[in-house]
Amino acid sequence: MSAVVIATAFGGPEVLSVVDQPAGEPGPGEARIQVRAAGVNPVDWKQYSGRLGADPSRLPMRLGAEAAGVVTVASPDAAGPAGTVRAGDEVIAFRAPGAYAADLVVPASALVPKPAALPWAEASGLMLTGVTAWHALAATDVHQGDTVLMHGAAGGVGLTAIQLAVLRGATVIATASPARHDSLRELGAIPVAYGDGLAGRVRAAAPGGVDVALDLVGTDEALDVSLDLVADRARIATVVVTPRSREAGIKLLGGAPGADPGTEIRDAARLDLAKLAGDGTLRVFVAHSYPLSQVADAHRESLAGHATGKIILIP
């Protein structure tokens, strides 16, 4: 038996509970891992809140998409992006449905080696935001010499995207509340405050103009300023699809209907992200860790939207 988190109804964090379920045996091409840490992401609470649909047949619902742990059992044909997966391997799991658990059976194709120097919490929070950021930069062809405007840069995707863009040789103009500006400067970005007059502040920060805009928040302000400052709509992308962004003719990224999921780009990025995080080139920011039994508290913090970095669950 293994402790797992389930949502027993649609609603707020109060619908979450921890129950014991059979750990399961891996089938062909699968492995079971003992989870050491699991990452919390906004899509997790969107699923049980009903925002993505409230079909009662989906209940009770297991949650989570990314984790890090140790392989305890692997099928003889288990192979991931880095090769054969064996018992004893320390791994990062993504995409890993039901990751809020003490034990988890996943396709071996979802497993990449965890760098020895990368702590469990950071490893568990690396991939979902990491592959999203990687996809956004690839879709808009960010390269050396570009100036990139990032809306909502202090969020999980933004913190990673800033670092990856700087590694590509780009200049990053990052919108965030003033309280977050010092941390964004440390990552190499030029921070500006969002709100009235944003376009003017961005122009002052980037007198040579803006080549790319990444909307990581889905606000009208982000869309309006991006359209105002970036001439080529193929170099404007959003990861929060709205009716207005659909009409604007910009790039729509992610899992929304009609958006580009970037599956091949995201899958291919996993080994590179693990290497960069493992050697310290890419920092993974952990705001807080909670025991699995306090999953509702973890989700209340996530819903509040004030955490700088990932929220992590520890089984």
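This is a predicted model: local features need pLDDT of at least 70, side-chain atom pairs count only at pLDDT 80 or more; totals for chains, interfaces and linings use all residues.
Local features were considered at pLDDT of at least 70 and side-chain atom pairs only at pLDDT 80 or more, while totals for chains, interfaces and linings use all residues. Residues are numbered from 1 along each chain as its sequence is written, and side-chain values use heavy atoms, without hydrogens or water.

Helices and strands are DSSP runs numbered from the N terminus (helices H or I, at least four residues; strands E, at least two). Helix α3 (residues 127–139) packs with helix α9 (residues 263–278) at an angle of about 115 degrees. Their axes are 9 Å apart. Axes are lines fitted to C-alpha atoms, for helices over the stretch in contact, and angles run from 0 to 180 degrees between N-to-C directions. The angle makes α3 roughly perpendicular to α9 (65 to 115 degrees; under 35 is roughly parallel, over 145 roughly antiparallel, the rest oblique). On the α3 side, the contact (heavy atoms within 4.5 Å) is made by Met-127, Gly-130, Val-131, Thr-132, Trp-134, His-135 and Ala-138. Helix α9 contributes Ile-265, Arg-266, Ala-269, Arg-270, Asp-272, Leu-273, Ala-274 and Leu-276. By class, this contact has 9 nonpolar, 3 polar and 3 charged residues. Here Ala, Val, Leu, Ile, Met, Phe, Trp, Tyr, Cys and Pro count as nonpolar, Asp, Glu, Lys and Arg as charged, and the others, Gly among them, as polar.

Helix α10 spans residues 295–304. Its buried residues are Val-295, Ala-296, Ala-298, His-299, Glu-301 and Ser-302. Buried means under 20% relative accessible area, exposed over 50%, and partly exposed in between (1.4 Å probe, protein chains only). The buried residues of α10 pack against several elements, among them β1 (2–7), α1 (42–49) and β18 (310–314). Just after α10, Gly-305 has a positive phi of about 75 degrees.

Two cis peptide bonds are described next. One joins Leu-59 and Pro-60, with omega about -10 degrees. Pro-60 is in the loop between α1 and β4 (61–62). Another runs from Phe-94 to Arg-95, with omega near 0 degrees. Arg-95 lies in the loop between β8 (90–93) and β9 (103–107).

Asp-141 is a residue other than glycine with a positive phi, near 55 degrees. Asp-141 sits in the loop between α3 and β11 (147–151). Because its relative accessibility is 47%, Asp-141 counts as partly exposed.

Lys-310 lies in strand β18. Lys-310 is buried, with a relative accessible area of 6%. Leaving aside residues up to four places away in sequence, Lys-310 touches residues including Glu-66, Thr-129, Phe-285 and His-288.
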